[in-house]
Amino acid sequence: MKLYNTMTRKKEEFVPLEEGKVKMYVCGPTVYNFIHIGNARPMIVFDTVRRYFEYKGYEVKFVSNFTDVDDKIIKKALEEGVTADEIAGRYIEECKKDMESLNVKPATANPMATQEIGGMIQMIGELIEKGHAYEKNGTVYFRTRSFKDYGKLSHKNLDDLKSGGRELLVSGQDEKEDPLDFVLWKPKKDGEPYWDAPWSKGRPGWHIECSEMSRKYLGEQIDIHAGGEDLIFPHHENEIAQSEACNGKEFAHYWMHNGFLNIDNKKMSKSLGNFRTVREIGEQYDLQVFRFFMLSAHYRSPLNFSAELMEAAKNSFGRITNAVDHLKHLIDTTKTETMTEAEIEQEKKSEEFVADFEKAMEDDFNTADAITAIFELVKFANTTADGESSKVYTKALLDRIVSLCDILGLIVEKKEEMLDADIEALIEERTQARKEKNFKRADEIRDELLEKGIVLKDTREGVQWKRV
């Protein structure tokens, strides 16, 4: 299995630190509002990576944090006249609802920054003791030049950063030994939440959160650290500096980053009016369609979101769900149980699509090509399974499609729905009318059912229906 390592900028064979196990940390959202669709991309992508590792038999420890103390959370709390804890708690719960709707598996641990302050204070203390950090007027800074490998992830040179402009620097630079030093702890301001620390009453800087939580829940070394490519610098670069300076060993063996998500070929922002939350998309589309859309491109590629592309994804995903529905109908109606010799050969041939799927996933988790393999399997099922097929053969095809989709976190089996008694009666009445050649009445019932959101399809195996 090969994955692209941002650190080395090349695909590398995955070799776990511990045989049969994967330790994976993914940076989570800052919870001050409903998650937007940009937040959703790493959630979906790295959930899929986790699922594939588990499919291959690995035991995966998957940790993703919630940043629940932040300037944006404090600002939102002041606007609403409530506490920062109330804002964070509210949107953590809403985030979990959206993740469930996206079929993102719960993490092994979802640590929250406010519950890990003690560990952060300890880690900052260790960095000070080792000469990698220092305190000035209650603020603690990381001494960036003390870590000789700074810039190895983003491939940035320290001297270039220094001349690169103030946007790369952190506030309070006049007190720093070096303009490139960054904050580990900052004193409180009026109205802000704070904690007691040896240096001041205050709160941690953003970067130290993930270093401490990764160490606590996964250990000093991990297999994979992941997140959006916007986090490469400075967040992940600073995490490496903190963690490796403190622990004295390599932090993460592999670094994975997903590409940006644009809206109608423009960067998503509130000022442009193209900011979209997962909750809003869920009001327009089945979020399984949205997950399918997210996986239809390679995770490292930039992805453009638009209404037209979502409609195309809806139609494409429908091809899979319709095939699944059809196979289930054949299983329910067929009278033949065991496979014929021809079906045994066809069932073996269907294994080729599984091999194609795995080949795609093992080449840096190429979900776009993996989906292509699923479509080829769907086409094969549509052309080889019919009303004469055996139950065993048809079920083998169904299970194969469903299992591959499940690896991608795609739910393609619809929940069984019960028709209301009056609709059931109408379908029976229509069937009887057709037997009596009363096609006028049969057509009237079809139209009436359509008004109720029920579409009928007459097949050789009987009447099929679905809601619209």
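In which order do the three strands of the open sheet stand, and what is the sense of their pairing? The strands follow the order E13-E12-E14, and the pairing is mixed. This is a predicted model, in which local features need pLDDT of at least 70 and side-chain atom pairs count only at pLDDT 80 or more, while totals for chains, interfaces and linings use all residues. Residues are numbered from 1 along each chain as its sequence is written, and side-chain values use heavy atoms, with hydrogens and water left out.

**The open sheet**

Helices (H or I, at least four residues) and strands (E, at least two) are DSSP runs numbered from the N terminus, and two strands count as paired if DSSP finds at least two bridges between them. Strand E13 (266–267) and strand E14 (303–305) each have a single partner strand and stand at the edges, so one side of each is left without a neighbour in the sheet. E13 pairs with strand E12 (residues 261–263) in the antiparallel sense over two bridges, and Lys-266 in E13 is the bridge partner of Ile-263.

**A parallel pair and its crossover**

Strand E10 (residues 222–228) and E11 run parallel and are joined by six bridges; in E11, Met-256 is the bridge partner of Ala-226. From E10 the chain passes through helix H7 (residues 232–247) to E11, a β-α-β crossover that is right-handed, meaning that, with the strands pointing away from the viewer, the path from the first strand over the helix to the second runs clockwise. Strand E11 (residues 252–258) is mostly covered, since six of its seven residues are buried, where buried means under 20% relative accessible area, exposed over 50%, and partly exposed in between (1.4 Å probe, protein chains only).

**Nonpolar cores**

A nonpolar core is a set of buried Ala, Val, Leu, Ile, Met, Phe, Trp, Tyr and Cys residues joined through side-chain atoms within 4.5 Å. The largest holds 90 residues, of which Ile-224, Phe-290, Phe-357 and Phe-365 touch the most other members, and a second, separate core of 42 residues includes Val-69, Met-120, Ala-245 and Cys-246.

**Cysteines**

With a disulfide taken as a pair of cysteine sulfur atoms within 2.5 Å, a search of the whole structure finds zero. Cys-95 is in no disulfide, and the nearest cysteine sulfur, that of Cys-27, is 14 Å away.

| Residue | Relative accessible area |
|---|---|
| Cys-95 | 1% |
| Cys-405 | 0% |
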